[in-house]
Amino acid sequence: MHFSIKRDFILIFLFNALYVFVLLALALLALMPDAWFFWVIFAIVFGIMVIYDTSVIFASCDLDDDKITFKTGIFKYEIPFSQIARVEKSKNLYSSLAHSIDRLRILTYDENGKQKVYYIAVNDNDKLMDIINLKINSKNENEKAEANKNNNSNEAKTSEANEVKAVEESTSEITTQEPKQEEVKEEKKTRTSNSKKASTTTKKSTTTKKSSTTKKTKSTTSKKTTKAN
């Protein structure tokens, strides 16, 4: 989309009048003896005036899908919509890309966070400002959607990680419980074997006692029989 540049001829005339006044003053000073350096300053100011007038004559504004392109004289400026932070109306007399007092102030931030300000003026400032604001709002909505998407993905990853952690903890609990159960079983087996051994030992001692008692009884009976005879 193309926008024609707005030119305030009174403002242009004032700037050129200022340049001419400075040039005349420098020319008068340069006529003094040993004042050749005033001619150097004269040439610099004259070059600035030529650049300014060229920028007034050859100026244009074009909008693409992702940026604004300004051409003013030998200079070309490209402002991506992604870098625009705010746009507002202004009456600042700073020349910049604007050749009218009725202008727009565009505040931008580059990739390094450096702030830049552009002043531009087109025939339909309101329409240009609406388009820029629309682009900024869509950019903000995209950023919010992307942020929400990232948050949702992070939440999903966190919940998945928590589930995996819970499964691992339950598995570890089961794993730790199994050795305990085996230890309990082994302990029961040991107790059973010990009780069996104890009962066997008791039985053996009982049997031994019975056999010794039987032997004593037999010896006593034999002695009694011998005495009777």
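A polar contact is a pair of N or O atoms within 3.5 Å, in which, within protein, one atom must be able to donate a hydrogen and the other to accept it. Please also keep in mind that what you see is a predicted model.

Let me apply the term to Asp110. This residue sits in the loop that runs between strand S6, residues 103–109, and strand S7, residues 115–120. A polar atom of the Asp110 side chain lies 3.2 Å from the backbone nitrogen of Asn112. Is Asp110 buried or exposed? Asp110 is buried, yet it has no salt bridge. The nearest side chain of opposite charge belongs to Lys116, and it is 4.9 Å away. A salt bridge requires a side-chain nitrogen of Lys or Arg within 4 Å of a carboxyl oxygen of Asp or Glu.

I turn now to the aromatic rings. How many aromatic pairs does a search of the whole structure find? The search finds six. One of them joins Trp36 and Phe37: the ring centres are 6.2 Å apart and the planes stand at 80°, so this pair is edge-to-face. For that label, the planes must be over 60 degrees apart. Trp36 counts as exposed because its relative accessibility is 62%, whereas Phe37, at 39%, counts as partly exposed.

A further pair is formed by Tyr77 and Tyr118. Here the ring centres are 6.2 Å apart and the planes are at 70°, so this pair is edge-to-face as well. Tyr77 belongs to strand S4, residues 75–80, and Tyr118 to strand S7, so the pair ties together parts that are 41 residues apart in sequence. With a relative accessibility of 29%, Tyr77 counts as partly exposed; Tyr118, with a relative accessible area of 14%, is buried.

Phe37 itself lies in helix H2.

Thank you for your attention.

Technical notes:
Residues are numbered from 1 along each chain as its sequence is written. Side-chain values use heavy atoms; hydrogens and water are left out. Helices (H or I, at least four residues) and strands (E, at least two) are DSSP runs, numbered from the N terminus. Buried means under 20% relative accessible area, exposed over 50%, partly exposed in between (1.4 Å probe, protein chains only). Lys and Arg count as positive and Asp and Glu as negative; His and the chain ends are not counted. Rings of Phe, Tyr and Trp (its six-membered ring) pair if their centres lie within 6.5 Å; planes under 30 degrees apart count as stacked, over 60 as edge-to-face and the rest as tilted.
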